[in-house]
Amino acid sequence: MSVLIIACPCALGLATPMSIMVGVGRGAEAGVLIRDAAALERMEAVDTLIVDKTGTLTEGRPAVTAIVPADGFTEDEVLRLAAAVEKPSEHPLAEAVVREAEARSIVIPKVLGFDSPAGKGAYGMVERKRVTLGSAAFLADLSIDVAGLAPLADELRRDGATVIFAAVNGKLAGIIAIADPVKETTPAALKALVADGIRIVMLTGDNRITAEAVARQLGIAAVEADVLPEGKAAVVERYRAEGRVVAMAGDGVNDAPALAAAEAPTSPWRAPASPW
């Protein structure tokens, strides 16, 4: 190193920015955008990766696998009303419901008063009926009894499916099971990360039974399930408080708070000013 500095001091000044450019370029080839040199440097110290499930570990293109109507309803009726409420939504699960209705050539009616509380579900008025979709907890908060189909919902979750409960005018109408296959590249990527000493934590708003079924398939031991979007950042902060250097991977708007709470670049490195 001494010989290098004495013989050619410019070489040392060029080596660092050149290595950073190569690293950023290699990342871009793999579809990874690196914000700055400090982020690249900080990434080397990461020991924990908290990763979202839907669209990150999985393909993000789920499909309906089962529809179970409650007494007094039919499969197509449940699907038709659910698709009407889900059509304005951009959530992958909503898109799966709409695609299934279209595949069955079901005419989807219009929805009025649509709303979608983040991480909970959606509701609206369809043909003068109040249609509510979402998790069991969301419907329970609205005093809608879901006990009649809860055992069957758990069976579907054990197969790795996400279950949406549907209610019409405050009465349980049925459940819709939606499965999202794991990406082909996910197992190898996780294996490589673990080999590098990275601890993997799955973070999802999905039901714990569904989350643990996917985690078992991928060999992930740590699972944080039933976490609403606003709670994801708190999970990241908890791991950081334990002294871990945390990176977060997610693909949705709901993941934004957690992404922001993950390790921020702390290096004071700045590109040297040009002498020219």
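**Notebook: salt bridges and the sheet**

I began with R35 and D36, whose side chains meet in a salt bridge with an N to O distance of 3.8 Å. The model I consulted is predicted. I looked up the accessibility of both residues: R35 is exposed, at a relative accessible area of 64%, and D36 is partly exposed, at 31%.

I then turned to K53 and D206, which form a salt bridge at 3.3 Å, N to O. K53 lies in helix 4 (residues 53-57) and D206 in the loop between strand 8 (199-203) and helix 10 (208-218), so this pair ties together parts that are 153 residues apart in sequence. I noted that K53 and D206 are both buried.

Next I examined E100 and R104, whose side chains meet at 3.0 Å, N to O. R104 is partly exposed, with a relative accessible area of 33%. I found E100 and R104 linked with E75 and D76 in a network of salt bridges. My search of the whole structure gave 10 salt bridges.

I also traced an open sheet of 6 strands, paired antiparallel in the order 2-7-6-5-4-3. Strand 2 (63-69) and strand 3 (112-115) stand at the edges with a single partner strand each, so one side of each has no neighbour in the sheet. On average, neighbouring strands are turned by 15 degrees against each other, direction ignored.

Within this sheet I checked strand 6 (residues 162-168) and strand 7 (residues 171-179), which run antiparallel and are joined by 7 bridges. A166 has G174 in strand 7 as its bridge partner. Finally, I recorded that helix 5 (residues 75-86) packs on the sheet, and that its direction makes about 100 degrees with that of strand 4 (121-126).

Note on methods:
Residues numbered from 1 in each chain as written. Predicted model: local features only at pLDDT ≥ 70, side-chain atom pairs only at ≥ 80, totals over all residues. Heavy atoms only, no water. Pairing = 2+ DSSP bridges. Helix = DSSP H or I, 4+ residues; strand = E, 2+ residues; numbered from the N terminus. Axes fitted to C-alpha atoms, helices over the stretch in contact; angles between N-to-C directions. Contact = heavy atoms within 4.5 Å. Salt bridge = Lys/Arg side-chain N within 4 Å of Asp/Glu carboxyl O. Buried < 20%, exposed > 50% of the residue type's maximum accessible area, 1.4 Å probe, protein only.
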